[in-house]
Amino acid sequence: MKNKICYIIGAGKNYGLDFCKQNEDFIIAADGGLNHLKKNKIIPDLIIGDFDSVLQTPKNITTIKLKVDKDETDTFAAILKGIELGYQKFVIYCGTGDRFDHTLANLQTLVFLADKNKQGFIVGENIIITAIKNNKIEFPKIKDGYISVFSFSNQSENVCIKGLKFELENATLFNSLPKGVSNEFINKTSFISVGNGTLIITYPKNIKIV
């Protein structure tokens, strides 16, 4: 399942479900995400949640009902199920929007995946968000666009940025100092790496590296 994708559809704002499911990919509707899928005539492989925001659940799709009073979000429960099924790469749609607390929870979910040495991406309105821990992310030649890098851990050491407008070599970033905002692609192959720590990285939605 290394190169296969588990798509998680949440109950946040729907900025477009522009993915194309391939063989062995898996779609999980996290509670109200089922409503978004229905409107786009996409059938999930699994529905999971406490169903506090679902109009009606279909009877012909595997469903996992969670308790209303629980510690984890429906999206996080969907991630755990995807991990149980063997997936290494996760793409979350409808994971941002009006509820900033849920957006922040989904950022923490990206960090959880990075901790587990798995890949996670949130697709927002005009942005993709991902996280890396003690790892590296590479980009092909991209003509232009902004990319930002934030330390999610207290500090991130040995941060290297190459091939972007502003480069770094073995730098330390802190989660209390927003120094990595609005770097720029300059039509070169580029990468961002961190030796010790966790980075949150945002870049334009039209850049497809998932």
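This report describes aromatic ring contacts in a predicted model.

## Aromatic pairs

Across the whole structure, a search finds seven aromatic pairs. One of them is formed by Y7 and Y93, whose ring centres are 6.4 Å apart. The planes of these two rings meet at 45°, so the pair is classed as tilted.

F19 belongs to the loop between β1 and β2 (26-30), whereas Y93 lies in strand β5, so their pairing ties together parts that are 74 residues apart in sequence.

## The cluster and its burial

Y7, F19 and Y93 form one aromatic cluster. The relative accessibility of Y7 is 6%, and this residue therefore counts as buried. Y93 also counts as buried, because its relative accessibility is 5%. For F19 the relative accessible area is 14%, and F19 is buried as well. The cut-off behind these assignments is a relative accessible area under 20%.

## A charge over a ring

A contact of another kind involves K136 and F191. The charged end of K136 sits over the ring of F191, at 4.3 Å from the ring centre.

Definitions and conventions. Residues are numbered from 1 along each chain as its sequence is written. This is a predicted model: local features need pLDDT of at least 70, side-chain atom pairs count only at pLDDT 80 or more; totals for chains, interfaces and linings use all residues. Side-chain values use heavy atoms; hydrogens and water are left out. Rings of Phe, Tyr and Trp (its six-membered ring) pair if their centres lie within 6.5 Å; planes under 30 degrees apart count as stacked, over 60 as edge-to-face and the rest as tilted. Buried means under 20% relative accessible area, exposed over 50%, partly exposed in between (1.4 Å probe, protein chains only). Helices (H or I, at least four residues) and strands (E, at least two) are DSSP runs, numbered from the N terminus. A charge sits over a ring if NZ of Lys or CZ of Arg is within 6 Å of the ring centre and within 35 degrees of the ring normal.
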